[in-house]
Amino acid sequence: MNEMQNQVAGVLARLREKRPLVLSLTNTVVQNFTANLLLAVGAVPVMLAHAEEIDDLLHSCADGLLVNLGTVQENQARLMRSAVVSAREAGIPWVLDPVAVGLLRFRTELCHDLLGTPPAMIRGNASEIMAAAGVQAAACRGPESGAASSDAVAAARQLASDTGSVVLVTGEIDYMTDGITTYGCSNSDVLLTRVTGTGCAMGALAAACLAVADSPLQAAAATAAILGVAGERAAAAARRPGSLVPAMLDELDALTPDDVAETTRIFLV
C-alpha cells in the first residue's frame, strides 16, 4: 500500500465528517444523479440559477463550486463567469468540467474565458483536456472522447503548468497532475461508460474533495479512487446499465476509508 492510497482514504473520511456544501452549476441531464452522488459520499448538494443567490451562497456557506459546460446557455454562461469571480473572492475552490470543448465554438471560447480565473481543478476526458490545452486531438463525439486518456498526459501537464490548476484526465485509466507530479488510477469498469452522468458527477465529487483535501492533487487522486472503487463494485453487482446507477449510489454510500485504502490502484507516472 503506497502513501497516496492512505491519503485518499483520509479524504473520504473527512468527507463523511465535514459534509462540505457543493454548489453545482451543471448540465440539465445529470442534476439528479449529481445531487444523489454527493449525498452518498457525505457532501451536501446545492443547485441554483439566480446570480444574487449564487453570489450569496459563495460568500456565506459554500465549500466548493462545480462549473460544468454540458448544456450551457447564454444566460448560464453569464452566471458561470460571475460565479468563478465570486468563488475566487471568497476563497472557494472551483472545478471546471469542459464538456465537449474543442468540438463546439461557443463553449470552447467560454472555457478559455473561464480559465482566466483559474480553477483549482480541471476535469475532463482526453479530447477535452487536449482542446483546453490548445493541443490538436481527435475530436469528441459529443461528450465522448476521441482519444485515450494516456494520449492526453503531456497536454494535461502543460495545461496544469499554464493555469496553476491540477488537471484530472478521465478514461480507462485516470491521470492527475499538477504539472510536476503525475499519478494514474486504474480503478474503473467499462460499464461506467454506458450510463450518462458519471463523468459530470465526478466533477462535483472533485469539488467536494477539494474542500477537505490537503492539496488539489490529493483531491484529484481521491476523486478518481472513490468513484473508481465504487464503480467497480457497482458494475460487479449490476452487470447491466439499467441497474448500475442505483448500484453506484449504494456502493458509494457503503464505501469506507479502509475499502479505498485496500483496493485503490494508484501509481506514479
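Modeller: Rolling a probe the size of a water molecule over the atoms shows where empty space is left. This is a predicted model. Its second largest pocket has a volume of about 240 Å³.

Biologist: How many residues line the second largest pocket, and which lie nearest its centre?

Modeller: The lining has 13 residues. Nearest the centre of the pocket are Thr-26, Gln-31, Leu-48, Ala-49 and Gln-76. Two elements give two or more residues to this lining: β1 (21-25) and α4 (74-90). The most comes from α4, with three residues.

Biologist: How many residues of that lining are nonpolar, polar or charged?

Modeller: Five are nonpolar and eight are polar. No charged residue is part of the lining.

Biologist: Next, single residues. Is Thr-182 buried or exposed?

Modeller: Compare the relative accessibility with the cut-off: buried means under 20%. Thr-182 has 2%, so it counts as buried. Thr-182 lies in strand β8, residues 182-185.

Biologist: Which side chains make polar contacts with the side chain of Thr-182?

Modeller: One is the side chain of Arg-157, at 2.9 Å. Another is the side chain of Thr-177, with a polar contact of 2.9 Å. Now leave aside neighbours within four places in sequence. Thr-182 is then in contact with Val-153, Arg-157, Met-176, Thr-177, Phe-267, Leu-268 and Val-269.

Biologist: Where does Ile-122 sit, and what is its relative accessible area?

Modeller: Ile-122 belongs to strand β5, residues 121-125. Its relative accessible area is 0%, so Ile-122 is buried. Beyond neighbours within four places in sequence, its contacts include Leu-96, Pro-98, Leu-115, Ile-129 and Leu-159. Also in contact with Ile-122 are Thr-163, Ser-165, Val-166, Val-167 and Leu-168. Gly-203 is 81 residues from Ile-122 along the chain, yet their C-alpha atoms are separated by 8.5 Å.

Biologist: Last, cores. Which residues of the largest nonpolar core touch the most other members?

Modeller: In soluble globular proteins, nonpolar side chains tend to be buried together. Here the largest nonpolar core holds 59 residues. Leu-15, Met-121, Met-176, Ile-226, Leu-244 and Leu-252 touch the most other members. Among the elements that give two or more residues to this core are α1 (3-18), β8 and α10 (244-254). The most comes from α9, with 14 residues. Another core lies apart from it, with 43 residues, among them Ala-62, Ala-126, Ala-155 and Val-169.

Biologist: Which residues is Leu-244 in contact with, leaving aside neighbours within four places in sequence?

Modeller: Leu-244 is in contact with Leu-191, Leu-192, Val-195, Ala-234, Ala-235 and Ala-238.

Key: Residues are numbered from 1 along each chain as its sequence is written. This is a predicted model: local features need pLDDT of at least 70, side-chain atom pairs count only at pLDDT 80 or more; totals for chains, interfaces and linings use all residues. Side-chain values use heavy atoms; hydrogens and water are left out. On a 1 Å grid over the protein atoms alone, a cavity is a set of points where a 1.4 Å probe fits but cannot get out, and a pocket is an open set with protein on both sides within 12 Å along at least five of seven lines; lining residues have an atom within 4 Å of a point. Grid points are joined across faces, edges and corners, and a volume is the space filled by probe spheres set on the points. Helices (H or I, at least four residues) and strands (E, at least two) are DSSP runs, numbered from the N terminus. Ala, Val, Leu, Ile, Met, Phe, Trp, Tyr, Cys and Pro count as nonpolar, Asp, Glu, Lys and Arg as charged, and the others, Gly among them, as polar. Buried means under 20% relative accessible area, exposed over 50%, partly exposed in between (1.4 Å probe, protein chains only). A polar contact is a pair of N or O atoms within 3.5 Å; within protein, one must be able to donate a hydrogen and the other to accept it, and residues adjacent in sequence count only if both atoms are side-chain atoms. Contact means heavy atoms within 4.5 Å. A nonpolar core is a set of buried Ala, Val, Leu, Ile, Met, Phe, Trp, Tyr and Cys residues joined through side-chain atoms within 4.5 Å.
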